[in-house]
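Reader: Before I use any of the labels attached to this structure, I would like to hear what stands behind them. Please take me through them one at a time.

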Amino acid sequence: MKPFGNADFLRSSTAIKIAAFVFLSVAFFYLGKHWSDGYQQLIFFSRQAPSVETQAEVALSSNLNKQFNISTLINDPQTRTETKPIDNGKAADKSVRSPSQKLPSAMPPPPPPDLIKSYGVLDENGTMSDEFEIGEFDPDVVENWGNDTEIHEEKSEDSRFKFKTMKFGLCDESMREYIPCMDNVQAIKRLKSIDRGQSFERHCPEVGKGLNCLVPAPKGYRPPIPWPRSRDEVWFSNVPHTRLVDDKGGQNWISKDKDKFKFPGGGTQFIHGADKYLDQINQMVPDVAWGHHTRVVLDVGCGVASFGAYLLLRNVLTMSIAPKDVHENQIQFALERNVPAMVAAFATRRLLYPSQAFDLIHCSRCRINWTRDDGVWLLEANRLLRAGGYFVWAAQPVYKHEEALEEQWIEMLNLTTRLCWNLVKKEGYVAMWQKPYNNSCYLSREAGTEPPLCDPNDDPDNVWYVDLKACITRLPENGYGANTPPWPPRLQTPPDRLQSIQIDAYIARNELFKAESKFWIETIASYVRAFRWKQMGLRNVMDMRAGFGGFAAALIESTLDAWVLNVVPVSGPNTLPVIYDRGLLGVMHDWCEPFDTYPRTYDFLHAAGLFSIERKRCSMSTIMLEMDRILRPGGHVYIRDSMDVMDELQDIAKAMGWQVVLRDTAEGPHASYRILTCEKHLLRHSSKRSKN
């Protein structure tokens, strides 16, 4: 083929196309430059203005001095709100300004779009978000609440009439410290005898006669002082009682200083302070090893719980118990100090804790005669004490040489010997015994020795309204409960007694235990991140349906400075032995009855799957009113349950004055479960009633 010559190439179609392309490119370049220098410019972009010295003419946009909200261009269509330009002055009607005029400064950037307030673990795009609204309790903003309960009559689809409570009224001011099962005066009056402390036990109102109003806070109530400051001081207005100051002020228990109660940290037997006393116990028996070998403690007759308060700083959880007696507010003081405590008494029934629950039991002048009635109360302490655990007794019979006190000491020695307890140390006013690890000593006693061993069929973990028994609780032959790992590994180690829990499980119990732990660790991590739990001030926490204690364990793993009371409902399997073997606190309870604590004692209540079960046994409003009683103003409630209970729960919560938000779980909007988050407000009687 003959190659192209120069003239032929210029006449070819290829050359014509190349020339046309070059011409168009140059033309568009000059047109673009002319457009950008002399015509209207979009407000979304900016370019540097020429200096004034160039005398350049500049065309101005008709949108000059106007601001636009551009969030509608970038947000989800479901959250858009229509916005209009805001005219901050006169619009620039002329497109050209005189060259002698000053050029305007560069346009300021448009304001950022408003944050979307989200109310769920998932944001509006279906992903995890850290932007969530958290309610705060402002003590200066209180709500004047009606004094009467408002009930509306409604007609259902089947033409039946039903009654719906629209608003629960406030109870009388005299009920501000009301504990329903401890303050049932009529039931206590009907008791045939009170010589064994029967009046300090549970006597709950009859069905239909329970609490139907909201227990009010005392006048001047304030948000509790946070931990650890609360160990040393609380607001007088929150617990306005001076009886303990009058009775125990000289024993370094408590004092009043202006608008606060102060707690020096002493006790009747350790007036020089709890810290020195704890050091003394550890020096007497180094195997105690606070926070390592000894993790869970029972303090009997605790006073204001200074013993337990100082143990918290040594990684030891203490269940502080005392009756509602002449020093009736000691447990209220303990909980106001943000220390674990319950109203409870050694009387005629088993305490609501499992066998082998506590690594150490402490009694310092606890006003209990351990040897009376064949030693039935010490036998109950023996049931509660872990195999190999310690019993610490600080009392006058230990060190005083008066005849009556010496007789009490001899009786105590005889009884503990028959219980096979070993007196390991007696120093000053403190004596310490150790419980055996197995049954060998019991079986080697002489025939007829009292007290006898309990019947092999006796269940030592059956505690709900079960009478005390004057017999020695047998230890498991397989050694379960005696070989707990040291703290902290024991928290996540599946305990031996997990195998003895009566549950319907399709997988191995150890796998079920690990699955629950993993679920709550992941869930709590998302709560902490999404709901900013570390800013919520959680301290006194209750898990109302605790399972194996996974929720409480996850809080510890999240390094939240809170303690959890794990409640095991009587309607489900008794998992309390597992909870205590993990180094946690727990108690048995029936949520169709009131709980044994003072009003306003918990910051946070957690209920997972509780209502869908308990509603078959009692009214959900009964449980919710009890939750309101024990929850502090400004406190929070998280209810994780099925959709079919949420509508009624929301109605009840609103009728109690709670702020409620229904949220999706991490599984998304199509899951069968939801999370109802609630915040309790501080309510007051109406001004009209307050004047009366």
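Author: A disulfide is a pair of cysteine sulfur atoms within 2.5 Å. The model is a predicted one, and the values below are computed from it.

Reader: What makes the link of Cys454 and Cys471 a disulfide, and which hand does it have?

Author: The two sulfur atoms are 2.0 Å apart, and the cut-off is 2.5 Å, so Cys454 and Cys471 are joined by a disulfide. With 90° about the S-S bond, the link is right-handed. Cys454 and Cys471 both lie in the loop between α12 (440-443) and α13 (509-530), so the pair ties together parts that are 17 residues apart in sequence. Both cysteines are buried.

Reader: How many disulfides does a search of the whole structure find, and what pattern do they follow?

Author: The search finds 6. Counting bonded cysteines along the chain, the pattern is 1-4, 2-3, 5-6, 7-8, 9-10, 11-12.

Reader: How do you know that Cys171 and Cys213 form a disulfide, and why is it called right-handed?

Author: Their sulfur atoms are 2.0 Å apart, which is within the 2.5 Å limit. The torsion about the S-S bond is about 105°, so this disulfide is right-handed. Cys171 sits in the loop between β5 (161-167) and α4 (185-189), and Cys213 in the loop between α4 and β6 (233-235), so the bond ties together parts 42 residues apart in sequence.

Reader: Why are Cys171 and Cys213 called buried?

Author: Buried means under 20% relative accessible area. Cys171 has 2% relative accessibility, so the residue counts as buried. Cys213 has 12%, so the same label applies.

Reader: What joins Cys181 to Cys204?

Author: A disulfide joins them, with an S to S distance of 2.0 Å. The angle about the S-S bond is 105°, and the link is right-handed. The pair links distant parts of the chain, 23 residues apart: Cys181 is in the loop between β5 and α4, and Cys204 is in the loop between α4 and β6.

Reader: Is Cys204 buried or exposed?

Author: Cys204 has a relative accessible area of 19%. The limit is under 20%, so Cys204 is buried. Cys181 has 1% relative accessibility and therefore counts as buried.

Reader: Why do Cys302 and Cys678 count as buried?

Author: Cys302 has 9% relative accessibility, so it counts as buried. Cys678 has a relative accessible area of 3% and is therefore buried.

Reader: Where is Glu614 found, and why does this residue count as buried?

Author: Glu614 is found in helix α16 (residues 611-614). At 1% relative accessibility, Glu614 falls under 20% and so counts as buried.

Reader: What makes the pairing of the side chains of Glu614 and Ser571 a polar contact?

Author: The distance is 2.5 Å, and the cut-off for a polar contact is 3.5 Å. Leaving aside neighbours within four places in sequence, Glu614 is in contact with Pro569, Ser571, Cys592 and Ile623.

Reader: What makes β6 and β7 edge strands?

Author: In the open sheet of 3 strands, the order is β6-β8-β7, with antiparallel pairing. β6 and β7 (255-257) each pair on one side only. The twist averages 30° from one strand to the next.

Reader: How do you know that β6 and β8 pair?

Author: Pairing needs at least two bridges. β6 and β8 (residues 260-262) have 3 bridges, in the antiparallel sense, so they pair. Glu233 stands opposite Lys262 in β8.

Conventions: Residues are numbered from 1 along each chain as its sequence is written. This is a predicted model: local features need pLDDT of at least 70, side-chain atom pairs count only at pLDDT 80 or more; totals for chains, interfaces and linings use all residues. Side-chain values use heavy atoms; hydrogens and water are left out. Helices (H or I, at least four residues) and strands (E, at least two) are DSSP runs, numbered from the N terminus. Buried means under 20% relative accessible area, exposed over 50%, partly exposed in between (1.4 Å probe, protein chains only). A polar contact is a pair of N or O atoms within 3.5 Å; within protein, one must be able to donate a hydrogen and the other to accept it, and residues adjacent in sequence count only if both atoms are side-chain atoms. Contact means heavy atoms within 4.5 Å. Axes are lines fitted to C-alpha atoms, for helices over the stretch in contact, and angles run from 0 to 180 degrees between N-to-C directions.
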